[in-house]
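Please read this briefing alongside the sequence and the 3D structure. The points are grouped by topic.

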Amino acid sequence: MEKFLYTDANLRRLQMVELEMLAEVDRICRRNNITYIIDAGTLLGAVRHGGFIPWDDDIDIRMYRTEYDRFCEICRQELDGKFFLQTYKTDSEYLWGYARILRNGTKYLRKDHEAIRSRNGIFIDIFPNDNLPDDRIGKSCCTAVSWICRKLLYSGVGKDYAPSFIRRAGFHFLNLFPKKTGHYGIEYLIKKYKNRNTGLVRCFGWGSEEETRGFQKKWMLETTDIQFEGVTVMAPVDTYGFLVHSFGEDFMTPPPEDERMPRHVASEIKFPEENHEK
């Protein structure tokens, strides 16, 4: 399928739908004394721009595991009917090791992901953060196991769209295994380190350099309020340390103009009004 063509107007519409979902997450969390933080480019945008980075196309949230589990449970009763909490437990076709809030009555198709059969819509990501061993060997084992699990979950896409023959062949092999094996592997890591007293945490369902290094647990639990597009949301008390960990010392410097574009390539986006839902 062709790429969805972003314009300033439709990118802003996308951001406003996502902002509505962020406000709903904040409402539920404050009502139930659940701690969360805005993450990655969302936090950077709040600090550098007072809201969205102008060319950003998503919202990311983190929660420590105990807070995340409470949030998922409470959403069963309290989440506004306009939204859907998507995990592999609420949608058997869902492939990723973290949650999403979907806006019902919308569509968001990632390019090359069109064959994925899970429920679809404009979304924001919620990353659960689990204890990560502080020692190098334990951390390396977690990195290896979680990497295999994520690749297994992605294999239905990777077997067709990975950039090299070798990688496509590897994904074809992984695709022979039931996808639930990937979820079970991540659950194994969660349970193995659940009661460890560690200073670091990570989301086993997401891979990046900073994820591999781990985040300080205090960043997830010691929070302060910050403004994001006029909405009061939660951020780490040590916002500076978090952003240096994620982006480096020069995080306040925007990238070159030719790099200022939405990060995700979509093939189709439909907004609530286009599906006759207000």
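**Briefing on a predicted model**

Gly 214 is buried, because its relative accessibility is 4% (buried means under 20% relative accessible area, exposed over 50%, and partly exposed in between, with a 1.4 Å probe and protein chains only). This is a predicted model, in which local features need pLDDT of at least 70 and side-chain atom pairs count only at pLDDT 80 or more, while totals for chains, interfaces and linings use all residues. Residues are numbered from 1 along each chain as its sequence is written, and side-chain values use heavy atoms, with hydrogens and water left out.

**Whole chain**

- The protein chain has nine helices and 11 strands (DSSP runs numbered from the N terminus: helices are H or I with at least four residues, strands are E with at least two).
- The chain is as compact as a globular protein of 278 residues, because its radius of gyration is 18 Å, close to the 19 Å of the globule rule (the radius is taken over C-alpha atoms, and the rule is 2.2 Å times the number of residues to the power 0.38).
- Along the principal axes, the C-alpha atoms fill a box of roughly 45 × 45 × 45 Å.
- Of the 278 residues, 52% count as buried.
- Among contacts between residues at least 6 apart in sequence, 70% join residues at least 24 apart (contact means heavy atoms within 4.5 Å).

- Gly 214 sits in the loop between helix H7 (209-213) and strand S8 (215-216).
- Not counting residues up to four places away in sequence, Gly 214 touches Leu 132, Leu 200, Val 201 and His 245.
- His 245 is one of the buried residues of helix H9 (residues 239-247), and Phe 242 is another.
- Gly 248 follows H9 and has a positive phi, near 95 degrees.

- Asp 39 lies in the loop between strand S1 (37-38) and helix H2 (40-49), and it counts as buried because its relative accessible area is 4%.
- The side chain of Asp 39 makes a polar contact with the side chain of Arg 62 (3.0 Å); a polar contact is a pair of N or O atoms within 3.5 Å, where within protein one must be able to donate a hydrogen and the other to accept it, and residues adjacent in sequence count only if both atoms are side-chain atoms.
- Residues up to four places away in sequence aside, Asp 39 touches Asp 60, Ile 61, Arg 62, Phe 127 and Phe 242.
- Glu 24 belongs to helix H1 (residues 8-31) and is buried, because its relative accessibility is 7%.
- Leaving out neighbours within four places in sequence, Glu 24 is in contact with Glu 78, Leu 79, Asp 80 and Phe 83.

**Cavity**

- There is one cavity of 30 Å³ or more; on a 1 Å grid over the protein atoms alone, a cavity is a set of points where a 1.4 Å probe fits but cannot get out, and lining residues have an atom within 4 Å of a point.
- The largest cavity holds about 50 Å³ of space (grid points are joined across faces, edges and corners, and a volume is the space filled by probe spheres set on the points).
- Its lining consists of Leu 14, Glu 18, Asp 57, Asp 58, Tyr 108, Phe 123 and His 264.

How values were computed:
1 Å grid on protein atoms, 1.4 Å probe; cavity = no way out; pocket = protein on both sides within 12 Å on 5 of 7 lines; lining within 4 Å.
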